[in-house]
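Biologist: I would like to learn how to read the features of a protein model. Could we take them one at a time?

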Amino acid sequence: MNTMSHFTKFLAFLLFMIAVALLFSVVFASAGVTPRQDEGLLLDTYQRTKAKLEASSFGFPLVVESSERDDRVHVDVYGIFEHPFTSIVNMLTVPASWCDIVSLHPNVKGCTYSKQLSDWLLTFYLGSKAYQPLEDTRSVISHYRSVDRQGYLDIVLNAAEGPYGTKEHRMRFEALPITGDRTFVHVSYAYSDSVALRLVAKIYFATLGRSKVGFTVTGIDGSGKPIYIGGPRGAVERSAVRYFFAIQSFMNTLRYPEESRFSMRINEWYDLTVRYRKQLFDLDRKEYLAAKTKEHENQVILQRRIASGNR
């Protein structure tokens, strides 16, 4: 393999690092905000976004909002799940469920969970989009916590450190019940990066990644077609929507027999993302399903070893 090929693969992997860095985020959460205030803020947000959700261009209730300031990107994804709030609480307050969720992302090659005293830890194994064994990946350990109160759910995954000098990774999921056994949900992302990663990102988005775009429309071109945001902000929007679809796919496939859920889940996630080829297409269906099937087998084997104390 020549030097340019090595450099191309390295930059492509860094693009994922930029996006996956938003898997958890700490920078948007104010330490002075109490859960009760958060609940009120989420309800206010639902009222504010209600009209946008009903008119969403996604074809179902989904709104993506993002901002970028001082080399920091913040993304919020709001949507409505056609599932009762109690069902969402019952499933998403189980730490193991999040391993089934995040591993739908092409660059997450596996996830395991373990409990240390009263603290749940999730380990995410990150790699390239094609199939990759767990031993060839980079791992990020995150702390899981949840607040489940009548009429409000708040789940946070925190990782103090990530790859390539990134830190303070955090993913936050909030939910509250609305009419008709439906649930309003919010997924938000942000992180702190390094100067080195920022520099590589600028190089990538000016060259190999210049065609990569997100969902925010910044204008209209000469043919009347929308112009979408690019750069790190676009990358983070793509990652946020991928994880939103992963949570949605997880919930939607619970109605199937347990032995069929994994197969239904990876197919549903692919169907949701392939609608947005410009933003989310990475692999053809056959390649994605084959990679995820093998990676899932690896994940199950490693989780059994952890459970038995034989890592």
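Biologist: Which residue lies over the face of F281?

Modeller: A charge sits over a ring if NZ of Lys or CZ of Arg is within 6 Å of the ring centre and within 35 degrees of the ring normal. Here R277 lies over the face of F281, 4.0 Å from the ring centre. This is a predicted model: local features need pLDDT of at least 70, side-chain atom pairs count only at pLDDT 80 or more, and totals for chains, interfaces and linings use all residues. Residues are numbered from 1 along each chain as its sequence is written, and side-chain values use heavy atoms, without hydrogens and water.

Biologist: How many aromatic pairs does a search of the whole structure find?

Modeller: Rings of Phe, Tyr and Trp (its six-membered ring) pair if their centres lie within 6.5 Å; planes under 30 degrees apart are stacked, over 60 edge-to-face, the rest tilted. The search finds 14 such pairs. One of them, F60 with F245, is edge-to-face, at 6.0 Å centre to centre and 65 degrees between the planes. F60 is in the loop between helix 2 (35–54) and strand 1 (62–69), and F245 is in helix 6, 185 residues apart. Helices (H or I, at least four residues) and strands (E, at least two) are DSSP runs, numbered from the N terminus.

Biologist: Are F60 and F245 buried or exposed?

Modeller: Buried means under 20% relative accessible area, exposed over 50%, and partly exposed in between (1.4 Å probe, protein chains only). Both F60 and F245 are buried. F245 also forms a stacked pair with Y276, at 6.1 Å centre to centre and 20 degrees between the planes. F245 lies in helix 6 and Y276 in the loop between helix 7 (258–274) and helix 8 (277–280), so this pair ties together parts 31 residues apart in sequence.

Biologist: Which residues touch the most other members of the largest nonpolar core?

Modeller: In soluble globular proteins, nonpolar side chains tend to be buried together. A nonpolar core is a set of buried Ala, Val, Leu, Ile, Met, Phe, Trp, Tyr and Cys residues joined through side-chain atoms within 4.5 Å. The largest core has 55 residues, and L92, W98, F173, F245 and I247 touch the most other members. Helix 6 (residues 231–252) gives this core its largest share, ten residues. A second, separate core of ten residues includes L53, V63, L176 and F184.
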